[in-house]
Structures are given as structure tokens and as C-alpha cells.
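Please examine the sequence and the structure shown below. The briefing that follows is written for a reader new to them and is grouped by topic.

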There are 2 protein chains.
Amino acid sequence: MKNVLIIGCGLLGSSLLRRISKKRLAKKIFVYEKSKKNITKIKRLKLPGVLVKKLYDALPQSELIILCTPMSEYKKIILKINKYLTPKHIITDVGSSKLKSVKIIKKYLKKKIFWTSSHPIAGSEVSGPEHGKQDLFENKWCVLIKDNKTNLKHLKFLSSFWKKIGSKVVVMKPEKHDKIFSITSHLPHLVAYNLVKSAQDFEKIQNFDLIKYSAGGLRDFSRIASSNEIMWRDIFFDNKINVSKAINLFIKNLNAFKKDINSKNNKSILKKLIQTKKVRSKIIKLKQDIDKPDFGRN
Amino acid sequence: MKNVLIIGCGLLGSSLLRRISKKRLAKKIFVYEKSKKNITKIKRLKLPGVLVKKLYDALPQSELIILCTPMSEYKKIILKINKYLTPKHIITDVGSSKLKSVKIIKKYLKKKIFWTSSHPIAGSEVSGPEHGKQDLFENKWCVLIKDNKTNLKHLKFLSSFWKKIGSKVVVMKPEKHDKIFSITSHLPHLVAYNLVKSAQDFEKIQNFDLIKYSAGGLRDFSRIASSNEIMWRDIFFDNKINVSKAINLFIKNLNAFKKDINSKNNKSILKKLIQTKKVRSKIIKLKQDIDKPDFGRN
């Protein structure tokens with residue numbers, strides 16, 4: 001690969017930057033970052049790559065363009081870069097929901113330009129270039145989005161690119177992607193935010209100081225509920241139909257749980273509590289988590 | 001302290017056993033365990049203490065009796081030990097909900113015998129004597145329950161005992177205890193079980209293999225949802241009024257969240273996502289969790 005342009009240099013962008021530089025995957029790495037705060041951090045961290053002030057300083061010379069900004073920025077960026085784009089540009093992004101962003105891309109991207117969307121499953125509760133690391137994507141899944149407009153050459157290029165980044169690649173339609181992640185990621189985040197919100201409400205109503213007793217479970221949720229708010233607002237809004245359906249399923253099941261508890265339905269509740277255990281074993285077996293008690297944190 | 005009797009030698013019981021032995025807090029440690037599987041493990045692990053076959057082999061000689069069994073066993077055990085008990089016996093337990101067990105104790109315990117309940121906040125998703133460790137309680141909170149019947153001498157003794165075990169001690173009424181832990185522990189567990197259950201339902205309905213994409217959030221919940229089912233059934237049943245109220249508050253907030261998402265209420269959702277972040281900082285500051293991203297597990 002000749003040159004690459006990373007637009008947005010937060011957790012994911014700066015991790016890609018570190019990795020591409022370390023593995024020498026590109027001749028030149030251009031970095032475009034809007035936030036002054038992040039630019040200061042990037043300089044202080046002495047990250048590799050060339051910081052560009054204007055997108056057109058790097059666009060014509062770049063083979064690969066990777067958007068690592070919040071999804072709510074896509075439209076603005078597309079309108080900015082459209083005139084510099086050619087069909088040879090390989091363009092991707094790392095957004096966490098796809099149906100809506102694919103629509104926006106289709107609507108605003110110049111005709112005959114290709115955009116092949118990626119979703120590396122590698123986020124965490126921290127954000128910003130100071131938290132990036134070159135091995136962030138190691139052995140993590142990266143979903144590549146394919147629909148009837150996908151340029152297969154670009155798809156192949158990106159598949160090979162993400163493998164060099166360390167990821168395991170899987171190809172999916174945007175509809176399937178958004179359904180799966182509404183359950184494995186978006187609903188868990190929403191539920192974590194909602195649990196912490198409920199604890200805050202309870203604290204106010206009861207005037208109890210309860211956060212200090214959070215080690216019994218709440219603390220785990222608080223980690224997820226401290227994730228970047230702009231990123232998560234965008235995800236919830238963009239995938240709202242699937243997220244709404246997931247909430248409905250969740251509430252239906254929670255009401256059934258409540259009924260079991262109130263009627264002391266021993267058989268039904270034990271069945272549930274035993275069944276859910278199996279998922280943990282499967283997750284450990286699939287190496288999606290470590291098997292130490294309490295994530296080995298103590 | 002002369003002798004101590006630990007009834008039930010799982011995660012908590014065996015951790016107490018290890019700690020009492022290591023710190024030489026008792027002359028003799030008696031251990032009573034019902035499960036043959038656990039007895040085999042205790043012998044294989046060469047845990048300290050004297051395994052007794054009958055409770056009366058140890059009861060008359062023990063100054064302190066600690067129940068570390070599921071709460072649904074309390075009644076049976078009380079009826080078994082009643083005739084050997086004297087007012088000098090200091091009796092405690094480590095159950096996670098208190099109102100109901102205090103009621104059962106009051107109802108079945110012989111007159112003029114004192115029972116001072118404890119709740120060390122030190123559980124995790126694993127159970128059984130093989131997972132116990134002597135420092136399990138180190139720097140963790142231990143709640144001691146006080147009501148108008150509490151023997152203050154026993155309360156003082158237990159406060160000093162738990163401090164020697166490594167815990168920080170706080171004294172609370174059973175009502176307040178059960179309210180606080182319905183939010184910081186019982187609801188988080190219920191929500192985690194319910195989230196994993198919903199993912200399983202979704203997997204069946206859609207025929208998708210989604211557990212392998214659990215690294216985006218679901219895997220965290222699966223840890224909590226793999227906790228011991230007997231223990232958690234007992235907690236949900238025993239604290240059902242507070243747990244029901246907590247579920248209602250949670251569903252109310254979740255519906256408000258859904259409304260914000262569906263109406264794209266930017267201001268309201270950002271306020272929530274920013275507010276909840278503060279709880280994480282507070283938890284880290286209070287040393288209730290480690291501050292490494294992803295619990296430092298990667």
C-alpha cells in the first residue's frame with residue numbers, strides 16, 4: 001500500500017496509526033484530526049504519521065482512506081472530500097452501526113465512488129489518542145459490510161488489510177450486522193447506562209450513599225456506562241429500530257423474571273439461572289473473554 | 001478466640017477458613033460441609049481445620065459459629081443446632097439479603113440465643129472451596145446488621161473479627177441493607193441474567209450465531225450471569241419486595257431511554273450518558289474497582 005489517510009485520531013484511529021506504522025503497512029500515513037485537544041495529545045505522544053491541516057493536502061495521494069470519527073460526522077466529511085475522490089480510492093470507516101450510515105453514504109457520496117464499511121470489535125470505555133495501542137485489534141473480529149453495490153476488489157483489499165492489522169475478518173450484510181450488534185453490544189450498553197441511571201435516581205430518592213457498596217455488581221456496569229457519549233448517542237440513534245426491538249424483548253423477559261420472583265416460581269427461575277451460565281462457558285471457549293474470576297482484576 | 005465452627009465450606013466458607021488459619025485467629029477451626037463433592041475437594045486441597053461429620057461434634061466447644069450456606073438452608077440448620085446453643089454462642093452468617101433471613105432466624109432460633117448477621121461484599125461468579133482464598137475479604141466492605149434485639153457485645157466481637165479478616169466494617173439496619181443491595185447488587189445480577197437470556201432468545205428466533213461477537217459488551221454481563229444459581233434464587237426470593245421495586249424503576253427509566261432514542265432527543269440522551277460517567281469516576285476514587293480499561297483483562 002502506498003499512502004493511507006486516517007480521518008479522526010481517537011482510540012481507534014490512533015491504534016490503526018500505531019499499527020500501520022509499526023508493521024510498515026504504508027509508505028506514508030496522513031492524519032487529519034479536527035479537535036485541538038487531540039492534536040496537542042498526538043504531538044505530545046509523538047505519534048508517527050504526518051498531521052495534515054486540510055483534507056486535500058493528503059487525499060489525492062492516498063490509496064486508502066479510513067474514517068475513525070463519530071458517525072454523526074460522516075455527512076459533513078463526505079461533502080468536504082467528495083470533489084477530491086476518484087473511483088480508485090478505497091474508503092472505509094469503523095462505525096458501530098451500519099444501516100443508517102450506509103444510507104447516508106449512498107445519499108451524499110459522489111457517484112461512482114466506492115465505500116466499503118468496516119466494524120472492528122475493539123472499543124472500550126476509554127477514548128482519545130492517549131489510550132490507543134498497536135495491538136488493540138489483535139485477534140478481535142472485524143466485520144466487513146457487503147451489499148449489492150460493494151466493489152469486490154476493495155472488499156478483498158480491506159479483508160487483507162484488517163488481517164495485517166491483527167483482526168479476524170467476517171463479511172456480513174448491513175441488516176444482519178445491525179441486528180446482531182443490537183443484542184451483543186448496543187443493548188448491553190443501553191442497559192448499563194440505564195442501570196447506573198437507576199442507581200443515581202435511587203440514591204437521590206432514598207438519600208443513601210450507595211456507590212461505595214458497588215462491588216457487588218454495579219461496578220461492572222459502571223465501566224460500560226462510562227463509554228464515550230457522542231459515539232453511543234450516534235449508535236442508539238442510527239440503529240434505533242433494532243435497539244427498540246431489543247429493549248422490548250428485554251422488558252418482556254424482565255417482567256417474566258419479576259413474575260417468577262413474586263410468585264416464587266422455583267422451577268422457572270432455576271431453569272433461567274442455569275441456562276444463562278452456558279453462555280459464559282461458550283464465550284470463554286471462543287476466547288471472547290478471559291476465564292479468571294472477576295476478570296482477574298483483584 | 002477459642003474455637004470457631006464454619007458451616008458450609010464453599011467460596012466464602014473456605015476463604016474464611018484459610019484466613020482464620022493463616023492469621024491464627026482461633027485455636028481450632030471446625031468445618032461442617034454437607035456436600036460430598038465439596039468434602040472431596042476440601043480433602044484434596046488439604047485445607048486446614050477439622051472436618052466434622054455431625055454438628056454437635058463441634059458446637060459445644062465453639063465460641064463462634066459462621067453460617068456460609070445458601071440462605072434457603074438456614075431454617076433446617078437452625079432446627080438442627082437449636083438444642084446445642086447457649087446464649088454465649090456468637091452466631092453469624094454471610095447471606096446477601098437480610099430482612100427475610102432475620103425473620104426466619106427470629107421465628108426458629110431458640111429463645112435467648114443471639115444471632116448477629118454479617119454480609120461481606122466479596123462474592124464473584126465462581127463458587128466452591130477450590131476458588132476460596134485467604135485475602136478474599138481484604139479491603140472489602142462487611143455489613144453488620146443491627147436491630148433492637150442485637151447483642152452489642154456480639155456486635156463488637158464480630159466487628160473486630162471481620163477487621164482481622166481484612167474487611168472494612170459498617171453497621172446497618174436490615175431494612176437499609178436490603179434496599180441498598182437491591183440496587184447495587186441484586187438488580188445488576190438480575191439484569192445480567194436477563195440480558196443473557198434475551199440474547200439466547202434472539203439467537204433462537206433469528207438463528208444467528210451471535211455469542212462469538214460478544215466482546216462488544218455482552219461478555220461482561222455473561223460473567224455476572226454465571227454466578228451460583230441457588231444463591232441467587234434465594235436472594236431474589238428473599239428480597240423480592242425491594243427487587244420488584246428496583247425492576248419497576250429500571251423499566252420506567254428504560255422506557256424513557258427508548259422514547260429519547262425513538263424521538264432522537266439529543267439533549268436528553270446526552271445528559272443521561274454524561275451523568276452516568278460520573279459514577280464510574282466515583283467508584284474508581286472509592287477504590288471499588290481498578291481503573292484500567294476493560295478491567296485490565298487484555
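**Briefing: sheets, helices and the contact between the chains**

In chain B, five strands with parallel pairing make up an open sheet, ordered S3-S2-S1-S4-S5. The model is predicted: local features need pLDDT of at least 70, side-chain atom pairs count only at pLDDT 80 or more, and totals for chains, interfaces and linings use all residues. Residues are numbered from 1 along each chain as its sequence is written, while chains are lettered from A and ligands numbered from 1 in the order in which they are written.

**The five-stranded sheet of chain B**

- Strand S3 (50-51) and strand S5 (90-93) of chain B are the edge strands, each pairing on one side only; strands are DSSP runs of E with at least two residues, and helices are runs of H or I with at least four, numbered from the N terminus.
- Strand S2 (residues 28-32) of chain B pairs with S3(B) in the parallel sense over two bridges, where pairing requires that DSSP finds at least two bridges between two strands.
- Val31(B) has Leu51(B) as its bridge partner in S3(B).

**The three-stranded sheet of chain B**

- Three strands of chain B form an open sheet with mixed pairing, in the order S6-S7-S8.
- Its edge strands, each pairing on one side only, are strand S6 (118-120) and strand S8 (168-172) of chain B.
- From one strand to the next, the twist averages 20 degrees; angles run from 0 to 180 degrees between N-to-C directions, and axes are lines fitted to C-alpha atoms, for helices over the stretch in contact.
- Strand S7 (residues 141-145) of chain B runs parallel to S8(B), and five bridges join them.
- The bridge partner of Trp141(B) in S8(B) is Lys168(B).
- H6(B) lies across S6, S7 and S8 of chain B and runs at about 145 degrees to S7(B).

**Helix packing within chain B**

- Helix H3 (residues 74-81) and helix H4 (residues 99-108) of chain B pack at an angle of about 25 degrees, their axes being 10 Å apart.
- H3(B) and H4(B) are therefore roughly parallel to each other, a term for angles under 35 degrees, with over 145 counted as roughly antiparallel, 65 to 115 as roughly perpendicular and the rest as oblique.
- Tyr74(B), Lys75(B), Ile78(B) and Leu79(B) of H3(B) make this contact with Ser101(B), Ile104(B), Ile105(B) and Tyr108(B) of H4(B); two residues are in contact if their C-beta atoms, placed from the backbone, lie within 7 Å.
- The residues of the contact of H3(B) with H4(B) comprise six nonpolar, one polar and one charged; Ala, Val, Leu, Ile, Met, Phe, Trp, Tyr, Cys and Pro count as nonpolar, Asp, Glu, Lys and Arg as charged, and the others, Gly among them, as polar.

**The two chains together**

- Chain B is superposed on chain A by a rotation of 180 degrees with 0.0 Å of shift along its axis (RMSD 0.0 Å), using least squares on the C-alpha atoms of residues with pLDDT of at least 70 in both.
- That is the relation of a two-fold axis.
- The same surface serves both copies, as 99% of the contact residues of chain B recur in chain A.
- In the contact between the chains, 89 residues of chain B touch 88 residues of chain A.
- H6(B) provides the largest share of the side of chain B that touches chain A, namely 22 residues.
- By class, that side of chain B has 45 nonpolar, 23 polar and 21 charged residues.
- Helix H6 (residues 174-206) of chain A packs against H10(B) at an angle of about 70 degrees, with their axes 9 Å apart.
- H6(A) and H10(B) are therefore roughly perpendicular to each other.
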